Amino acid sequence: MATVQLPALAEPMPDNDPDKDRLSPYRSFSVTEWARLRENTPLPLTEEELTELRGMNERVSLDEVAQVYLPLSRLLSFYVASIQTLNEGTQQFMGTNTEKVPFIIGIAGSVAVGKSTVARVLQTLLARWPEHPKVDLISTDGFLYPTAELEKRQLMHRKGFPESFDRAALLDFLTAIKSGRGNLRAPIYSHRLYDRVKDEHILVDQPDILIVEGLNVLQSGKLTPGEPQVFVSDYFDFSIYIDADLDVIRQWYVKRFLKLRTTVFNRPDAYFRDYAKLGEDEAIETANRIWRTINQVNLHENIEPTKYRAKLILHKGPTHAIDAVHLRKL
């Protein structure tokens with residue numbers, strides 16, 4: 001059985017130590033072991049539907065959906081049912097009748113690691129369970145400050161870092177969700193425009209489940225004196241971290257950049273349209289420079305340190321296929 005590498009609190013135990021996995025806060029599974037937990041859960045997804053859910057350069061297969069995502073959707077269904085029962089009991093205890101409170105799932109991980117694909121596949125599977133048919137999905141990219149504001153704050157070179165997000169607006173949105181309010185609007189972000197889309201929103205109206213995916217959703221953040229100690233992750237009922245080796249993520253980022261160079265960047269309204277003019281070698285060099293100076297720094301400083309706050313860690317191999325699952329015991 002695979003073991004998850006945890007930050008050492010003392011001298012690390014050797015890999016052959018039989019107590020290493022027992023003392024870890026995670027229980028680790030190979031894909032084969034995890035797949036057995038599917039039991040008889042049917043596969044409610046076709047190849048055509050999966051094609052629509054895949055992200056750029058990703059190769060998630062129906063076999064992987066059956067082996068990894070179906071057991072996860074089954075586990076999440078248990079969590080949703082448990083939280084719904086707890087909420088009903090709490091309301092009965094307090095003598096209140098609050099509107100439906102959505103179950104919130106947070107999905108974190110690096111740029112180019114495949115968060116959006118994981119989120120879309122889970123959204124589709126969870127929505128086909130009869131107990132919670134309404135599943136909404138938002139990205140925290142929509143809560144990035146608009147480009148004009150980032151330029152005013154001289155933060156364009158820090159876009160994606162915690163300080164580039166309107167944290168107060170995101171917290172207000174999640175507070176409203178957990179208060180049972182309906183007809184809420186989440187802003188939409190365009191990677192083509194590299195900015196929020198003006199006057200366009202995602203309507204979130206009391207879903208059974210809300211999936212929130214983003215770079216820093218598990219981060220506790222750096223507080224200023226007197227600021228309320230409330231974090232985005234405080235609103236999550238379940239959290240997932242998408243993990244992969246550093247050099248593998250870099251390769252995915254470069255490959256995605258090259259794909260965008262010949263597609264989205266070619267649009268006349270694309271923010272990075274000048275990149276479409278780069279030759280192959282220059283584009284690879286540019287992508288590696290952006291990765292090294294921005295995305296890798298953000299990963300090391302802000303994203304990866306939150307990994308062990310997640311309830312579940314999905315580790316991916318070089319082909320984007322999930323090769324290990326780590327479920328928190330505690």
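User: Which residues in helix 9 does helix 8 meet?

Analyst: Keep in mind that this is a predicted model. On the helix 8 side, the residues involved are L246, I249, R250, Y253, V254, F257, L258 and R261. Their partners in helix 9 are E280, A283, I284, T286, A287, N288, I290, W291, N295, Q296, L299 and H300.

User: How many residues of that contact between helix 8 and helix 9 are nonpolar, polar and charged?

Analyst: Sort the residues on both sides by class. The contact comes out with three charged, five polar and twelve nonpolar residues.

User: What do we call the way helix 8 and helix 9 are arranged?

Analyst: Their axes lie 9 Å apart, at an angle of about 130 degrees. Roughly perpendicular stops at 115 and roughly antiparallel needs over 145. An angle of about 130 degrees falls between those, so the pair is oblique.

User: What is the hand of the crossing between helix 4 and helix 5?

Analyst: Helix 4 (residues 62-94) and helix 5 (residues 115-126) have axes that come within 10 Å and cross at roughly 60 degrees. That makes helix 4 oblique to helix 5. As for the hand, the crossing is right-handed.

User: Which residues of helix 7 are buried?

Analyst: Helix 7 covers residues 167-178. Buried here means under 20% relative accessible area. What covers the buried residues includes strand 2, strand 3, strand 4, strand 5 and strand 6. The buried ones are L170, L171, F173, L174, A176 and I177.

Definitions and conventions. Residues are numbered from 1 along each chain as its sequence is written. This is a predicted model: local features need pLDDT of at least 70, side-chain atom pairs count only at pLDDT 80 or more; totals for chains, interfaces and linings use all residues. Side-chain values use heavy atoms; hydrogens and water are left out. Helices (H or I, at least four residues) and strands (E, at least two) are DSSP runs, numbered from the N terminus. The expected span of a helix is 1.5 Å times one less than its number of residues. Buried means under 20% relative accessible area, exposed over 50%, partly exposed in between (1.4 Å probe, protein chains only). Contact means heavy atoms within 4.5 Å. Axes are lines fitted to C-alpha atoms, for helices over the stretch in contact, and angles run from 0 to 180 degrees between N-to-C directions. Angles under 35 degrees count as roughly parallel, over 145 as roughly antiparallel, 65 to 115 as roughly perpendicular and the rest as oblique. A crossing is left-handed if the near helix is turned anticlockwise from the far one by less than a right angle, and right-handed if clockwise. Ala, Val, Leu, Ile, Met, Phe, Trp, Tyr, Cys and Pro count as nonpolar, Asp, Glu, Lys and Arg as charged, and the others, Gly among them, as polar.
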